[in-house]
Amino acid sequence: QCQEWMNQGSAVLESKMWNEETGSYLHYYEPETGRRSEDVMTNQLDGEWVCQLHGTAGVFRKGRVAMVLNTIKRTALVEKGGVVALTDSDGTPQLTAYGNFVPEALMLGMTFMYAGDRKTGLQIVHDSLRNLVITHRHPWDLTNIVRCDTGEREWGAGFATDYYQAMMLWTV
(Lines give C-alpha, C1' and ligand atoms only; values in the text may rest on other atoms or scores of the structure.)
Protein backbone atom coordinates (compact mmCIF):
# COMPACT_ATOMS: atom_id res chain seq x y z
CA GLN A 1 0.00 0.00 0.00
CA CYS A 2 2.79 2.41 0.89
CA GLN A 3 4.57 1.77 -2.41
CA GLU A 4 1.33 2.42 -4.29
CA TRP A 5 0.88 5.74 -2.48
CA MET A 6 4.50 6.62 -3.22
CA ASN A 7 4.02 5.89 -6.92
CA GLN A 8 0.81 7.93 -7.04
CA GLY A 9 2.41 10.85 -5.22
CA SER A 10 5.46 10.79 -7.49
CA ALA A 11 3.26 10.73 -10.59
CA VAL A 12 1.30 13.77 -9.41
CA LEU A 13 4.47 15.56 -8.38
CA GLU A 14 6.01 15.08 -11.81
CA SER A 15 2.88 15.80 -13.85
CA LYS A 16 1.44 18.75 -11.86
CA MET A 17 4.28 20.33 -9.89
CA TRP A 18 7.31 20.43 -12.22
CA ASN A 19 8.11 23.91 -13.55
CA GLU A 20 10.35 23.69 -16.57
CA GLU A 21 10.90 27.47 -16.65
CA THR A 22 12.50 27.60 -13.20
CA GLY A 23 14.05 24.14 -13.30
CA SER A 24 12.33 23.25 -10.02
CA TYR A 25 9.07 22.14 -8.49
CA LEU A 26 6.32 24.66 -7.78
CA HIS A 27 6.20 26.04 -4.27
CA TYR A 28 2.49 25.25 -4.24
CA TYR A 29 -0.38 24.58 -6.61
CA GLU A 30 -4.12 24.62 -5.85
CA PRO A 31 -5.88 22.82 -8.74
CA GLU A 32 -9.32 23.92 -7.52
CA THR A 33 -8.49 27.61 -7.85
CA GLY A 34 -5.58 27.51 -10.28
CA ARG A 35 -3.44 29.45 -7.78
CA ARG A 36 0.22 28.52 -7.85
CA SER A 37 3.53 29.87 -6.74
CA GLU A 38 6.56 29.60 -8.96
CA ASP A 39 8.88 30.69 -6.15
CA VAL A 40 11.74 28.25 -5.74
CA MET A 41 11.86 26.72 -2.27
CA THR A 42 15.42 25.66 -1.59
CA ASN A 43 14.55 22.73 0.66
CA GLN A 44 12.14 21.16 -1.83
CA LEU A 45 14.38 18.07 -2.09
CA ASP A 46 14.34 17.16 1.62
CA GLY A 47 12.60 13.89 0.70
CA GLU A 48 15.56 13.01 -1.52
CA TRP A 49 17.95 13.65 1.36
CA VAL A 50 15.92 11.43 3.70
CA CYS A 51 15.95 8.60 1.15
CA GLN A 52 19.70 8.94 0.57
CA LEU A 53 20.38 9.02 4.31
CA HIS A 54 18.46 5.77 4.75
CA GLY A 55 19.85 4.08 1.65
CA THR A 56 16.55 3.87 -0.23
CA ALA A 57 15.57 4.93 -3.72
CA GLY A 58 14.90 8.64 -4.13
CA VAL A 59 11.46 10.15 -4.61
CA PHE A 60 12.27 12.48 -7.49
CA ARG A 61 13.31 11.79 -11.05
CA LYS A 62 17.08 11.62 -11.12
CA GLY A 63 17.57 14.22 -13.84
CA ARG A 64 15.27 16.64 -12.07
CA VAL A 65 17.23 16.45 -8.83
CA ALA A 66 20.30 17.73 -10.68
CA MET A 67 18.24 20.48 -12.34
CA VAL A 68 16.79 21.66 -9.02
CA LEU A 69 20.21 21.65 -7.37
CA ASN A 70 21.65 23.66 -10.27
CA THR A 71 18.80 26.17 -9.93
CA ILE A 72 19.43 26.50 -6.20
CA LYS A 73 23.19 26.79 -6.66
CA ARG A 74 22.73 29.51 -9.29
CA THR A 75 20.12 31.56 -7.39
CA ALA A 76 19.96 30.90 -3.67
CA LEU A 77 23.46 30.98 -2.19
CA VAL A 78 24.04 34.21 -0.29
CA GLU A 79 26.94 35.67 1.63
CA LYS A 80 25.01 36.26 4.86
CA GLY A 81 23.25 33.19 6.17
CA GLY A 82 24.56 30.78 3.55
CA VAL A 83 21.37 30.18 1.59
CA VAL A 84 17.91 31.71 1.31
CA ALA A 85 14.78 29.63 1.83
CA LEU A 86 13.06 31.04 -1.27
CA THR A 87 13.90 32.73 -4.54
CA ASP A 88 11.54 34.47 -6.94
CA SER A 89 10.78 32.62 -10.15
CA ASP A 90 13.24 34.93 -11.94
CA GLY A 91 16.02 33.73 -9.62
CA THR A 92 16.13 36.73 -7.28
CA PRO A 93 16.87 35.61 -3.70
CA GLN A 94 14.12 36.54 -1.24
CA LEU A 95 16.40 38.04 1.39
CA THR A 96 13.69 39.15 3.82
CA ALA A 97 10.68 36.90 3.12
CA TYR A 98 11.55 34.01 5.42
CA GLY A 99 15.25 33.73 6.07
CA ASN A 100 17.41 30.69 6.58
CA PHE A 101 16.21 27.95 8.92
CA VAL A 102 19.62 26.55 9.80
CA PRO A 103 18.65 22.84 10.07
CA GLU A 104 17.07 23.07 6.61
CA ALA A 105 20.26 24.62 5.27
CA LEU A 106 22.26 21.71 6.67
CA MET A 107 19.88 19.23 5.04
CA LEU A 108 20.24 21.09 1.74
CA GLY A 109 24.01 20.94 2.09
CA MET A 110 23.81 17.18 2.60
CA THR A 111 21.51 16.85 -0.42
CA PHE A 112 24.21 18.48 -2.55
CA MET A 113 26.81 16.13 -1.06
CA TYR A 114 24.75 13.01 -1.75
CA ALA A 115 24.26 14.25 -5.32
CA GLY A 116 28.04 14.42 -5.75
CA ASP A 117 28.61 18.15 -5.23
CA ARG A 118 30.55 18.00 -1.98
CA LYS A 119 32.05 21.47 -2.44
CA THR A 120 28.71 23.29 -2.64
CA GLY A 121 27.22 21.18 0.14
CA LEU A 122 30.07 21.94 2.52
CA GLN A 123 29.96 25.63 1.52
CA ILE A 124 26.27 25.86 2.51
CA VAL A 125 26.92 24.09 5.83
CA HIS A 126 30.01 26.17 6.56
CA ASP A 127 28.50 29.54 5.64
CA SER A 128 25.27 28.88 7.55
CA LEU A 129 27.02 27.78 10.74
CA ARG A 130 29.79 30.38 10.51
CA ASN A 131 27.18 33.12 10.27
CA LEU A 132 25.17 31.74 13.17
CA VAL A 133 27.92 30.80 15.62
CA ILE A 134 31.02 32.82 14.72
CA THR A 135 29.65 36.04 13.24
CA HIS A 136 26.60 36.47 15.49
CA ARG A 137 27.59 34.34 18.51
CA HIS A 138 24.30 32.43 18.66
CA PRO A 139 24.15 28.93 20.14
CA TRP A 140 24.10 26.24 17.48
CA ASP A 141 21.40 24.22 19.24
CA LEU A 142 18.46 26.61 19.19
CA THR A 143 15.78 26.70 16.53
CA ASN A 144 17.34 29.54 14.64
CA ILE A 145 15.98 31.35 11.64
CA VAL A 146 18.44 33.97 10.47
CA ARG A 147 17.83 36.93 8.19
CA CYS A 148 19.52 36.51 4.83
CA ASP A 149 20.10 40.22 4.32
CA THR A 150 21.96 40.81 7.61
CA GLY A 151 22.67 37.32 8.95
CA GLU A 152 21.09 38.23 12.29
CA ARG A 153 18.80 35.84 14.12
CA GLU A 154 15.17 36.58 13.41
CA TRP A 155 13.62 33.85 15.50
CA GLY A 156 14.92 31.53 18.17
CA ALA A 157 16.00 33.77 21.02
CA GLY A 158 14.60 32.73 24.36
CA PHE A 159 13.39 29.32 23.24
CA ALA A 160 14.55 26.01 24.63
CA THR A 161 17.25 24.08 22.84
CA ASP A 162 16.05 22.02 19.97
CA TYR A 163 18.39 19.05 19.69
CA TYR A 164 16.32 16.96 17.30
CA GLN A 165 16.70 19.60 14.59
CA ALA A 166 20.16 20.73 15.61
CA MET A 167 21.38 17.13 15.28
CA MET A 168 21.60 17.79 11.56
CA LEU A 169 25.10 18.96 12.45
CA TRP A 170 26.03 15.43 13.55
CA THR A 171 24.39 14.00 10.46
CA VAL A 172 26.67 16.14 8.28
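Guide: Let's start at M167, which sits in the loop between α6 (163–166) and α7 (168–171); helices are DSSP runs of H or I with at least four residues, strands are E runs with at least two, and both are numbered from the N terminus. This is a predicted model, where local features need pLDDT of at least 70, side-chain atom pairs count only at pLDDT 80 or more, and totals for chains, interfaces and linings use all residues. Residues are numbered from 1 along each chain as its sequence is written, and side-chain values use heavy atoms, leaving out hydrogens and water. M167 counts as partly exposed because its relative accessibility is 43% (buried is under 20%, exposed over 50%, partly exposed in between, with a 1.4 Å probe and protein chains only).

Now look at helix α5, which covers residues 118–135. Its 18 residues should span 26 Å at 1.5 Å a residue (that's 1.5 Å times one less than the number of residues). The end C-alpha atoms of α5 are 24 Å apart, which agrees. Follow α5 along to L129 and you'll find a bend of about 25 degrees, the angle between axes fitted to the seven residues ending there and the seven starting there. L129 is also one of the buried residues of α5, along with T120, G121, I124, V125, S128, N131 and L132. An α-helix has 3.6 residues a turn, so residues three or four places apart point the same way. Just past α5, R137 has a positive phi of about 60 degrees.

Zooming out, the protein chain has seven helices and eleven strands, and 44% of its 172 residues are buried.
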